[in-house]
Amino acid sequence: RMQNSRSKPCSCPSLKLREVASMYFTLVAAFLVILVVALQGSAPRGSDFPYKVPLDPQGLLELSWNVSYPEQAVHFQLLVRDLQFGLLFGMSDRGELENADLAVLWSDGRHSYFGDAWSDARGQLHLDSQQDYQLLGARRAPEGLYLLFRRAFSTCDPKDYLIEDGTVHLIYGILEKPVHSLQAINVSALHGGLQRVQLLKPNISIPELPRDMKTMEITAPDVVIPSQETTYWCYMAELPEGFPKHHIIMYEPVVTAGNEALVHHMEVFQCAAEFDSFPHYSGPCDSRMKPDRLNYCRHVLAAWAMGAQAFYYPEEAGLAFGGPGSSRYLRLEIHYHNPLVFKGRRDSSGIRLYYTATLRPHDAGIMELGLVYTPVMAIPPGEHSFMLTGYCTDKCTQLALPAAGIRIFASQLHTHLAGRTVATVLARDGREQRVVNADRHYSPHFQEIRMLKEVVAVFPGDELITSCTYNTEDRSRATVGGFGILEEMCVNYVHYYPQTQLELCKSAVDPGYLHRYFNLVNRFNDEEICMCPQVSVPQQFYSIPWNTFNRDVLKSLYGFAPISVHCNKSSAVRFPGEWEKQPLPSITERLRERVPRCPPAPEPRPAAPIPLDLGQLRRD
């Protein structure tokens, strides 16, 4: 979210504080000049920057970072392996180089400069009047140039990006020719790209691991990565015969060296126990040669996305696998992102599971929240931001959760291609209590299981409300709910303990009320919409003329009509009770929007880039 969309007050420091801040920043600036002069030196220690991701497909730009919650700041280390005449690095709403918040290194061939800048809608660069990317050092090493800089989460600069929980779209651009000024750079002409990460990692202490812990690698052996931009590769693995029940307590990625920029994300699924066997397979997931039975391997055991670290279960719980009633068959799915279309690249990546036979006190469970996969929930075409909401009602949690409640410790948000934001809120007695997980910059191309900063306790009678917003500006007909990639979903897979029988707690609008909507549309429109029973709900949505009236009435319908609640056990059977035509939960008190905290501002002074002595940069 760009901060220029915000009109929130920032507390102004007193005069004395301003004077102190001004002196502080003057000293920092002097220190930086001294620091920047000394460019030689060894590379910074990797332990100082625990998170790392390649920015470009060739791995020439490598970003590492750490998060300081006391300082409310992120420290970045950018390794440039093949410096030409500079680069841009920054953040934007959806990964565009236009309307972006940028740190820029540029050179005229002899002199180099670093500065905080922003790009306008035409891609033109401007030096920011408030320099919030603070350069901490620049040093050469055998592997390339290291740039170290710092950025506060919130700066209260209307041109700056607000760093918050969830996905951040990082962007980069390479300067291949010398430039005489920052203003001479137009981002539209640059070779650049984007990388999605979760910048604000949770500060969680790592639980002590048991002595009898074993490891198992689920890897696809010697895959030749197809020479196309996107491939989903499926590989079937098998647990040993008679493998007893264990607890998975941790997992981490295993990525073949040299392929770090190509392996985008990976998931391990357990297959349905109702089948005695599954065929072996190693190949593209969308191939006609893939056996249909592999579609019954959908229970997530592990999920990793680029930039994520090892995933730890809380010390009280582990994810059960093996033993009676559990399938021995696992499906590994790897998403390869190969935009440069490399040929013949071999890969044996996968996920390493850490497990123990000493079972922890609780089995961890996975519960689906959000919307039922049904076409009755639809998004009109041409919408910039259309919201749909699914409910896990108080009636369901009262019936299905133990008296002591459950503890949610991780979450994986999911939509298809039109999804733009996802959020789940916990409500109690009609009052919103807290956000379980939210992502304002959600991307369907970056889905990972994220550990929550704090465990969320959910008790009988609580409500879990999951909302998704969608963008259908590029579509000419309605988008209905369903399993197809051009259909939509709104799901939050929450990971919790102790495991209960409740596996799915979702809702959809009552079909009878939707039928009334179709009748109303028919009455007020010239174009005839067939209401025949044999016409499917998607076909009825596709035939609607999407004028303002029809859009507004549908939005209103979803905001007041009764719902059909799915309060399901793992067998897909509902808990006993009346679940049709249920009233929408009544929320009387909403959570307040958090006002970003602004750091003390120094005395205003003319913005100026910092000169760097990097020597004469190369000319091709």
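Some ground rules come first. Residues are numbered from 1 along each chain as its sequence is written, and side-chain values use heavy atoms, with hydrogens and water left out. In this predicted model, local features need pLDDT of at least 70 and side-chain atom pairs count only at pLDDT 80 or more, while totals for chains, interfaces and linings use all residues.

Start with confidence. pLDDT is the predictor's confidence in each residue, from 0 to 100. The chain averages 88, and 89% of the residues score at least 70. Residues 1-44 fall below 50. Beyond near neighbours in sequence, that stretch still has 70 contacts in the model (contact means heavy atoms within 4.5 Å). Where pLDDT is low, the predicted coordinates should not be read in detail.

Now the whole chain. The secondary structure comes to 5 helices and 37 strands. Both are DSSP runs, numbered from the N terminus: helices are H or I with at least four residues, strands are E with at least two. Of the 620 residues, 54% are buried. Buried means under 20% relative accessible area, exposed means over 50%, and partly exposed lies in between (1.4 Å probe, protein chains only). Among contacts with a separation of 6 or more, 78% join residues 24 or more positions apart.

Next, two of the sheets. Strands of a sheet pair through backbone hydrogen bonds, either parallel or antiparallel. Here, two strands pair if DSSP finds at least two bridges between them. S1 and S2 run antiparallel, joined by 4 bridges. Proline 54 has glutamate 62 in S2 as its bridge partner.

Methionine 266 meets isoleucine 334 of S21 as its bridge partner.

Turn to the rings. The structure holds 22 aromatic pairs. Rings of Phe, Tyr and Trp (its six-membered ring) pair if their centres lie within 6.5 Å; planes under 30 degrees apart count as stacked, over 60 as edge-to-face and the rest as tilted. Tyrosine 69 and phenylalanine 153 have ring centres 5.9 Å apart and planes at 75°, so this pair is edge-to-face. Tyrosine 69 lies in the loop between S2 and S3, and phenylalanine 153 in the loop between S9 and S10, so the pair ties together parts 84 residues apart in sequence. Tyrosine 69 is partly exposed, at 21% relative accessibility. Phenylalanine 153 is buried, at 6%.

Phenylalanine 541 and tryptophan 546 form a stacked pair, 6.5 Å centre to centre with 15° between the planes. Phenylalanine 541 is buried at 0% relative accessibility, and tryptophan 546 is buried at 14%. Ring pairs also link Phe76, Phe89, Phe114, Tyr133 and Phe149 into a cluster.
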